[in-house]
Amino acid sequence: MTSGRLAHRSNLLWLAALVHRLSGLALAIFLPLHFLTLGLAINGEARLESFLRWTDAPLVKLAESGLVFLLLVHMLGGVRLLVLENLDWRDGQKELATLAAALSAVVAFIFLARVF
Amino acid sequence: MNVRLYFWQRLTAALMAPLVLVHVAVIFYATRNGMSAADILGRTRGSVVWASFYGSFVAAVAIHAAIGVRNVLVEWSPINERHAGIFATVFGCCLLVLGLRAVAAVALP
Amino acid sequence: MKTMEVSLWRGRAQGRYQNYEVPLRENQTVLDVVTYVARHLDPTLSYRFSCRVGMCGSCAMTVNGRPRWTCRTHVAKVIRRGRIEIGPLENLPVIKDLATDMQPFFDKWQQAKGAFVPSRTRDDPIEEIAPSGAARMAADAAIECINCGICYAACDTVRWNAGYLGPAALNRAWSLVNDERDAGNPARLAAVAASGGCHACHSHQSCQEHCPLALNPTASIAGLKRRTMQAYLRGELEE
């Protein structure tokens, strides 16, 4: 009913949940493509090899580091939830969520730096 | 989301956490050395270890992603719970079939 | 005399924001502002309040996008560029203007089995419960809820999932799960383990962020997740 932005969406943990959901969706869409690509090897390595050469392109490398980020942020955010749901309550969830995102970004960046 | 779906989603999540770490390490290794298809397949073909590793990864992710997709459909789309469940099951089966096919493609001798 | 612009929701689900000019005083709550409009500017305005001292939770409304107790919200704290926007609580049907229908909120309270089930009669001796026991402390941490509906209004999972019981109902269920005098846990755990129960929570913690009593329904719900999982694995959950 409010004409402006709802305050509860400024909550960092709401954003963490959104990132978790969107990364999961992106990975769910990516996976069938990933499986189909690997499945190219069924007919011998030649088709897989030509696909791998296509992935040498810089834009693809950038997309791959994006995927590494999505995979890690989804997993680390998920681990934060597993701890929250199975062990005793601990405060500091905003800090943990930020740490998960930061770690994922760092690793994805290292990936990107290495492949260029 | 009920206790049964929650159990399977969280269980597969916990099982996959270490698998993801190994997979990221594999990705780093493969891309650092600029491995060709021949290099990769040379390591994976006939390997029981790689077949088991990625086979279980595929099984877990099929269950996990299907339940996740179901939740998103229930909350963000007008589809009702029953139809969301059907769509998610179909999606999970597709992931399982395509995934095991991919594992067979790289791991069968 | 200084004034401010106040924008109030008028109507039901369909309606619009209507502007009023209200005196800006040094010490003023948002409830004072709404009352001024009703008494001096527009007697057709509908709104709800009772104790006006932060005990009953009746005056909860959405103030500049945030659910608050209007009797405990100072205008100085929320006014933005000389304006305040006040609407009814989110996630509940609007009866009229600023008053929402709390029935769905209370229905879910019952659905979560948020009512005490006695295990003794008036003829039995009173059961002694130490306040320092772990279960009692867990119950006490959750028990101050006055059903104001702010957590329910702040929760996007409530918004997105019509069947979700919501943070308040589940928080109350948790306090009863930990009440050693209560005999209703088999049915209660089954109720919160069903579709729309505690497992639907995504741990946004918006409930905890906005609760005027600083309660933590997310923690209570996490506790319910643990208890229902134990019961499920032991085959103790009723169908």
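**Talking through a predicted three-chain model**

Trainee: What is the strand order in the open sheet of chain C?
Mentor: Keep in mind that this is a predicted model. The sheet is built from five strands with mixed pairing. Reading across, the order is β2-β1-β5-β3-β4.

Trainee: Which strands stand at the edges of that sheet?
Mentor: Look for strands with a single partner, so that one side of each has no neighbour in the sheet. On average, neighbouring strands here are turned by 35° against each other, direction ignored. The edge strands are β2 (15-23) and β4 of chain C.

Trainee: Do β1 and β2 of chain C pair in the parallel or antiparallel sense?
Mentor: Strand β1 of chain C covers residues 3-11, and nine bridges link it to β2(C). Gly11(C) sits opposite Gly15(C) of β2(C). The sense of the β1-β2 pairing is antiparallel.

Trainee: Which helix packs on the sheet?
Mentor: Its contacts are with β1, β2, β3 and β5 (83-87) of chain C. Its direction makes about 95° with that of β2(C). The helix is α1 (residues 30-41) of chain C.

Trainee: How many residues does each domain of chain C give to the contact?
Mentor: The domain assignment gives domain 1 as 3-100 and domain 2 as 103-233, with C-alpha centres 30 Å apart. On the domain 1 side, β3 (60-63) and β4 (66-69) of chain C each give two or more residues, and that side has six nonpolar, three polar and two charged residues. The count is 11 residues from domain 1 and 14 residues from domain 2.

Trainee: Which leucines is Ile86(C) in contact with, leaving aside neighbours within four places in sequence?
Mentor: Its contacts include Val6(C), Trp9(C), Val30(C), Val34(C), Met61(C) and Val63(C). Ser7(C) and Thr62(C) are also in contact with Ile86(C).

Trainee: Which element gives the most to the side of chain A that touches chain C?
Mentor: Here 18 residues of chain A are in contact with 23 residues of chain C. By class, the chain A side has nine nonpolar, seven polar and two charged residues. The elements giving two or more residues are α1 (12-38) and α3 (58-86) of chain A, and the one giving the most, with four residues, is α3(A).

Trainee: And which element gives the largest share of the side of chain A that touches chain B?
Mentor: That contact takes 26 residues from chain A and 27 residues from chain B. The chain A side has 19 nonpolar, three polar and four charged residues. At least two residues come from each of α1, α2 (45-54), α3 and α4 of chain A, and the largest share, nine residues, comes from α1(A).

Trainee: Is Glu95(A) buried or exposed?
Mentor: This residue is in helix α4 (residues 93-115) of chain A. Glu95(A) has 10 of them within 10 Å, so it is exposed.

Methods
Residues are numbered from 1 along each chain as its sequence is written. Chains are lettered from A and ligands numbered from 1 in the order in which they are written. This is a predicted model: local features need pLDDT of at least 70, side-chain atom pairs count only at pLDDT 80 or more; totals for chains, interfaces and linings use all residues. Domain bounds come from an automatic or database domain assignment. Two residues are in contact if their C-beta atoms, placed from the backbone, lie within 7 Å. Ala, Val, Leu, Ile, Met, Phe, Trp, Tyr, Cys and Pro count as nonpolar, Asp, Glu, Lys and Arg as charged, and the others, Gly among them, as polar. Two strands pair if DSSP finds at least two bridges between them. Axes are lines fitted to C-alpha atoms, for helices over the stretch in contact, and angles run from 0 to 180 degrees between N-to-C directions. A residue is buried if 20 or more other C-beta atoms lie within 10 Å of its own, exposed if 12 or fewer, and partly exposed in between; C-beta atoms are placed from the backbone.
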